[in-house]
Amino acid sequence: AGVILTYTRAFGIGDRVQIADTVGDVAEKTLLATRVITIKNVSVTIPNGLVLGSHVINYSAMARKQGLILNAVVTISYGTPWRRVHELLISAASATPYVLQDPPPFVLQTAFNDFYIQYELNAYTAEPNRMHLTYAELRQNIQDTFNEAGVQMMSPHYLGLLQAGAKSAGASGDAG
């Protein structure tokens, strides 16, 4: 298995990979096993037979050539103009460390739901080994950007809470 992995060049030392359920950086490749250091700094030794029997996702391979695309999904009410949502999402991506400006971030509208539109922000990074931290900072920047602009992010659960709160406020107002 180790010889086959060597010749397929599925990953190299230092690459950020996912092998089965393990995500981390390849620290060592031998004939018998591959050692991966996870984002929690745990060393996991994976037998190469298991590596060959699993699909391997190499986050670093395309990042070296074109950049790895990170994405974040938000849902926004129909009342907010879509151009404004695109502008806010791209602004949040531009403020995030390790997000590339070339190629530029882009937004896709991925669903029309009952009460909101689903948007997907896509941004490139050349630092796959920092993807978990970049994701965290990107989400923080999205939240900050939308809060500063006064645009409310929606979710079905949050919408249900708003409607329930309005009903109970109306009921208590009627009684008083």
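I kept in mind throughout that the model is predicted.

**Entry 1: the sheet**

I started with the strands. I found an open sheet of three strands in the order β6-β8-β7, paired antiparallel. I looked at the edges next: β6 and β7 stand there with a single partner strand each, so one side of each has no neighbour in the sheet. From one strand to the next, I noted an average twist of 25°.

Then I followed one pairing in detail. β6 and β8 run antiparallel and are joined by 10 bridges.

Which strands does α4 lie across? I read off β6, β7 and β8, and I noted that α4 runs at about 30° to β8.

**Entry 2: aromatic pairs**

I reminded myself how such pairs are described: by the distance of the ring centres and the angle of the planes. How many aromatic pairs are there? I counted two.

I took Tyr78 and Phe112 to begin with. Their ring centres are 6.4 Å apart and their planes lie at 20°. Planes under 30 degrees apart count as stacked, so I wrote this pair down as stacked. The pair links distant parts of the chain, 34 residues apart: Tyr78 sits in the loop between β6 (68-77) and α4 (82-94), while Phe112 belongs to strand β7 (residues 106-112). Tyr78 is partly exposed at 42% relative accessible area, and Phe112 is exposed at 63%.

My other pair was Phe106 with Tyr124. Here the centres are 6.4 Å apart and the planes are at 50°, so I noted the pair as tilted. Phe106 lies in strand β7 and Tyr124 in strand β8 (residues 116-125), so this pair ties together parts 18 residues apart in sequence. Is Tyr124 buried or exposed? With a relative accessible area of 16%, Tyr124 is buried, whereas Phe106 counts as partly exposed at 29%.

**Entry 3: a lysine over a ring**

While on the subject of rings, I looked at Phe11. Lys29 lies over the face of this ring, 5.2 Å from the ring centre.

**Entry 4: salt bridges**

I found five salt bridges in the structure, and I wrote up some of them.

- Arg16 and Asp25 meet through their side chains, with a distance of 2.7 Å from N to O. I was curious about Arg16, and this residue turned out to be buried, with a relative accessible area of 4%.
- Glu28 bridges to Arg35, and I noted 3.2 Å between the closest N and O atoms. Glu28 is partly exposed at 36% relative accessible area, and Arg35 is also in the partly exposed class at 28%.
- Arg84 bridges to Glu87, with the closest N and O atoms 2.3 Å apart. Where do Arg84 and Glu87 lie? I placed both in helix α4, three residues apart, which is about one turn of the helix. Arg84 is partly exposed at 31%, and Glu87 is partly exposed at 48%.

Notes. Residues are numbered from 1 along each chain as its sequence is written. This is a predicted model: local features need pLDDT of at least 70, side-chain atom pairs count only at pLDDT 80 or more; totals for chains, interfaces and linings use all residues. Side-chain values use heavy atoms; hydrogens and water are left out. Rings of Phe, Tyr and Trp (its six-membered ring) pair if their centres lie within 6.5 Å; planes under 30 degrees apart count as stacked, over 60 as edge-to-face and the rest as tilted. Helices (H or I, at least four residues) and strands (E, at least two) are DSSP runs, numbered from the N terminus. Buried means under 20% relative accessible area, exposed over 50%, partly exposed in between (1.4 Å probe, protein chains only). A charge sits over a ring if NZ of Lys or CZ of Arg is within 6 Å of the ring centre and within 35 degrees of the ring normal. Two strands pair if DSSP finds at least two bridges between them. Axes are lines fitted to C-alpha atoms, for helices over the stretch in contact, and angles run from 0 to 180 degrees between N-to-C directions. Contact means heavy atoms within 4.5 Å. A salt bridge is a side-chain nitrogen of Lys or Arg within 4 Å of a carboxyl oxygen of Asp or Glu.
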